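This report describes selected local features of a protein model. Please consult the sequence and coordinates shown below while reading.

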Amino acid sequence: MKKVRVEEAVGQTLCHDITAMVPGFKGALFKRGHVVAEEDIETLLNIGKKHIYVGDMEPGMMHEEDCARRLAGMTSIDGAHFEGPSEGKMVLISDMQGMFRVDTDLLQKINTIGDITIATLPDHYRVEVGDKLASMRIVPLFTDEAQIINAERMCEEKKLIDLLPYKPLKTGVIITGSEIYNGRTKDRFEPVVRKKLSYYPGEIIDVRICDDDKGMILKTAGEFLDRGADFLIFTGGMSVDPDDLTPGAIRELGADIISYGVPSQPGNMTLVAYLEDKPILGVPGAAIHLPTTVFDVLLPQIHTGLRLTEEDLTRLGDGGLCQLCEGCHYPNCTFGRY
């Protein structure tokens with residue numbers, strides 16, 4: 001491969017894409033493998049190209065497109081496909097709804113290997129069909145193949161990225177509060193939880209309103225479990241007031257409480273627990289009044305079947321402060337990163 005002046009390149013074969021950015025167009029104006037013609041010279045000069053690379057690669061070196069293909073090969077996952085290479089990069093596109101995962105420590109290590117750059121969505125990101133998940137390329141036009149081999153070896157030991165599908169869950173919803181049970185206040189949580197859960201596969205097997213009575217709450221939870229509930233959601237009585245019984249009822253149910261309170265707002269008083277493999281959420285009142293809370297952040301992982309850990313919940317602090325934007329655009333924001 002050699003660098004030549006464009007005026008001397010007629011009849012030569014391009015060994016790289018040539019990208020142009022002009023009004024109405026951004027992309028590869030000339031593709032790798034294009035044989036330069038006399039009429040191309042003026043076009044190349046007009047986009048600021050005085051020199052181009054032509055010819056074949058030297059032994060041990062790899063072209064950017066070949067590197068991108070190899071990087072894509074080491075990160076192939078179910079539920080997504082790669083497009084490209086174009087402009088030296090491969091882009092991973094989602095074929096389904098799900099939760100995107102990336103090993104951030106491994107990603108950082110790979111991105112320190114000289115010329116390699118891999119950019120992804122944040123870890124735990126909720127994605128839709130057609131979303132871009134990751135893009136990978138090298139910075140120069142060519143690099144030493146040893147760098148690609150190093151990255152491939154790293155990904156043999158650990159999975160860099162994944163896309164987890166949502167599993168259908170049978171959900172039981174228990175709303176507590178004497179003021180609601182006795183008809184003094186109208187319940188506003190049921191329409192909220194129905195709307196949020198409608199995004200995911202599965203069904204709500206029942207919604208019950210309970211008095212501030214631990215026995216009634218436990219009896220209702222037991223009935224839901226007997227009916228095959230995979231997931232229990234409690235709301236009401238989630239503060240630290242003496243009359244708030246919900247956390248105690250969840251504890252008496254035999255659940256393992258992972259955390260009561262998380263470093264994220266709104267939804268600071270969220271409770272996360274498991275009864276064997278069944279997730280339980282205690283949802284504070286903020287979920288009724290605000291469009292997005294910790295409730296929304298945790299639902300995707302719960303519906304993948306991947307168990308939430310204490311570490312997951314403590315990591316909510318970084319990005320855990322919702323900006324309460326006018327016109328919520330979650331998840332395309334800083335809130336809920338962990």
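The sections below treat a surface patch, a helix pair, a strand residue and some backbone features.

## Basis of the model

The structure is a predicted model. The values given here are computed from its atoms.

## A nonpolar surface patch

A nonpolar patch on the surface is formed by V22, F25 and L29. Together these residues have about 220 Å² of accessible area. One of them, F25, lies in strand β3, which covers residues 25-30.

## Packing of helices α2 and α4

Two packed helices are described by the angle between their axes and the distance between the axes. Here, helix α2 spans residues 64-73 and helix α4 spans residues 145-157. Their axes come within 10 Å and cross at roughly 10°. Angles under 35 degrees count as roughly parallel, so α2 and α4 are roughly parallel to each other. On the α2 side, the contact is made by C67, R70 and L71. On the α4 side, E145, I148, I149, A151 and E152 take part.

Is T171 buried or exposed? Its relative accessibility is 2%; because buried means under 20%, T171 counts as buried. This residue belongs to strand β14, made up of residues 169-176.

Which residues is T171 in contact with, leaving aside its neighbours within four places in sequence? They are L197, E203, I204, I205, D206, F231 and I233.

Most residues other than glycine have a negative phi, and most peptide bonds are trans. P266 sits in the loop between β17 (256-260) and β18 (271-275).

With a relative accessible area of 14%, E87 is buried. H124 occupies the loop between β9 (116-120) and β10 (125-127), and at 6% relative accessibility H124 counts as buried.

How values were computed. Residues numbered from 1 in each chain as written. Predicted model: local features only at pLDDT ≥ 70, side-chain atom pairs only at ≥ 80, totals over all residues. Heavy atoms only, no water. Patch = residues over 30% accessible without salt bridge, like charges linked within 9 Å, V, L, I, M, F, W, Y side chains within 5 Å. Areas by Shrake-Rupley, 256 points an atom, 1.4 Å probe, with all protein chains shown as cover. Salt bridge = Lys/Arg side-chain N within 4 Å of Asp/Glu carboxyl O. Helix = DSSP H or I, 4+ residues; strand = E, 2+ residues; numbered from the N terminus. Axes fitted to C-alpha atoms, helices over the stretch in contact; angles between N-to-C directions. Parallel < 35°, antiparallel > 145°, perpendicular 65-115°, else oblique. Contact = heavy atoms within 4.5 Å. Buried < 20%, exposed > 50% of the residue type's maximum accessible area, 1.4 Å probe, protein only.
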